[in-house]
Amino acid sequence: MHQNSVLGHEQVIERFAQSLKSNRLANTWLMVGPDGIGKRLTTMWLAKCMLCEKTPANELVACEECSACQQVDALTHPDLLLVEKPADKNLIPVELFIGTREKRMRAGLCHDIAMKPFRGGRRIAIIDDADFLNQEGANCLLKTLEEPPAFAIIFLISSGEHRQLPTIRSRSQIVRFQPLPPEQIQEVLEKKALVPEGHSSRELAMACDGSLQLALKLADPETLDFRRDWLEQLATLDPGADDFFESIGTFVDAAGKDSAAKRLRLQLVADLASRFYRHVMMQLCEQPVVADETMARCVTIAAERWPGGDAETAARCVERCGEVASQIRANANQALVIEAWLCDLGRLARGEITV
Ligand SMILES: [Zn+2]
């Protein structure tokens with residue numbers, strides 16, 4: 001991965017390069033920004049530059065050839081520790097920080113980060129999905145952040161600084177990632193020839209809210225058709241009407257037999273709804289809505305009929321979408337969960353329940 005394969009985020013990279021050069025690199029970094037815009041990829045690349053054995057330690061360059069660079073790519077570098085939320089869990093298990101009961105404090109990230117570097121001069125820990133720390137995990141981590149070993153660099157990746165405890169925030173350098181501009185996303189989609197027939201790269205780039213990850217999910221004719229129908233359905237303020245529940249089922253089942261693939265589709269359904277209500281909220285607050293034609297049209301229809309023009313109800317709908325996303329992750333009875341969700345969204349959007 002060369003620097004030019006990390007898309008965008010020049011300011012983040014520049015800031016990091018400067019602190020590295022001046023030898024004032026903080027021990028803890030909180031990398032925040034919306035999902036799917038490249039925080040993890042960029043952080044991985046920063047780690048690779050710092051562990052590369054061919055390039056000077058205070059320069060943000062990775063040779064991509066030495067065995068250290070290759071080990072980072074393969075996630076086998078002994079000085080790179082990665083903690084992330086297992087796909088089937090709602091939170092990061094505390095064992096990943098302090099070891100299992102039998103090995104308490106003799107394993108896990110908080111233990112491992114304090115061990116002397118094996119290869120070079122640094123140990124680097126990356127905690128992805130840091131939104132999903134539980135209280136116990138956060139407390140253990142906090143002790144490490146209070147007195148990190150001089151050779152340790154710890155990155156926490158999070159969707160927003162408000163998702164972190166003030167005690168963690170205050171010990172971190174906060175780095176804010178911005179959504180990618182549509183032009184940059186458009187370029188990637190075109191370069192990789194990912195635009196489905198009958199659609200344009202501009203349309204996809206405008207539809208993804210600056211998230212390349214979302215653009216890649218949407219780059220499929222079936223998904224784009226479903227998205228259009230779904231947004232039109234949401235615009236009626238009655239998402240559960242017209243048997244739309246079944247349409248969601250059909251879209252999800254079309255992912256095949258694999259339950260993980262189905263769950264991903266269901267999460268996309270929730271994510272699209274969440275984005276829709278967020279745009280409605282913006283429109284009600286008279287903020288500009290930056291989106292593709294379908295989203296903009298459906299959001300306008302909904303906002304015009306929104307009861308009392310109350311943005312707070314729209315915010316509650318966004319929250320309700322977040323709740324359903326975590327229920328889907330937790331493998332709850334999906335049919336029941338989705339039906340209850342659609343019902344609540346409709347009642348909220350029509351002003352039948354108040355916040
Ligand atoms: Zn290298």
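Mentor: R119 touches A68, P78 and D79, when residues up to four places away in sequence are not counted. The model is a predicted one.

Trainee: What makes these pairs count as touching?

Mentor: Two residues are in contact if their C-beta atoms, placed from the backbone, lie within 7 Å. For R119 and D79, the C-alpha to C-alpha distance is 7.0 Å, although 40 residues separate the two in sequence.

Trainee: Where does R119 lie, and why does R119 count as partly exposed?

Mentor: R119 is found in the loop between α5 (109–112) and β3 (123–127). A residue is buried with 20 or more C-beta neighbours within 10 Å and exposed with 12 or fewer. R119 has 15 such neighbours inside 10 Å, so R119 is partly exposed. Across the protein, 39% of the 355 residues count as buried.

Trainee: How do you know whether α15 and α16 are roughly parallel or roughly antiparallel to each other?

Mentor: Helix α15 (residues 311–329) and helix α16 (residues 334–349) pack at about 180 degrees, with their axes 10 Å apart. The threshold for roughly antiparallel is over 145 degrees, so this term applies to α15 and α16. The residues in contact include R316, C317 and V324 of α15, and W341, L345 and L348 of α16.

Trainee: Why does the radius of gyration of the protein agree with that of a compact globule?

Mentor: For 355 residues, a compact globule would have a radius of gyration near 20 Å; the protein has 22 Å, which agrees. The C-alpha trace spans about 60 × 45 × 40 Å along its principal axes.

Trainee: Into which domains is the protein divided, and how many helices and strands does its secondary structure hold?

Mentor: Domain 1 covers 3–176 and domain 2 covers 220–349. Their centres, taken over C-alpha atoms, are separated by 33 Å. The secondary structure comprises 16 helices and 5 strands.

Conventions
Residues numbered from 1 in each chain as written. Predicted model: local features only at pLDDT ≥ 70, side-chain atom pairs only at ≥ 80, totals over all residues. Helix = DSSP H or I, 4+ residues; strand = E, 2+ residues; numbered from the N terminus. Rg over C-alpha atoms; globule rule 2.2 N^0.38 Å. Domains from an automatic or database assignment. Axes fitted to C-alpha atoms, helices over the stretch in contact; angles between N-to-C directions. Parallel < 35°, antiparallel > 145°, perpendicular 65-115°, else oblique.
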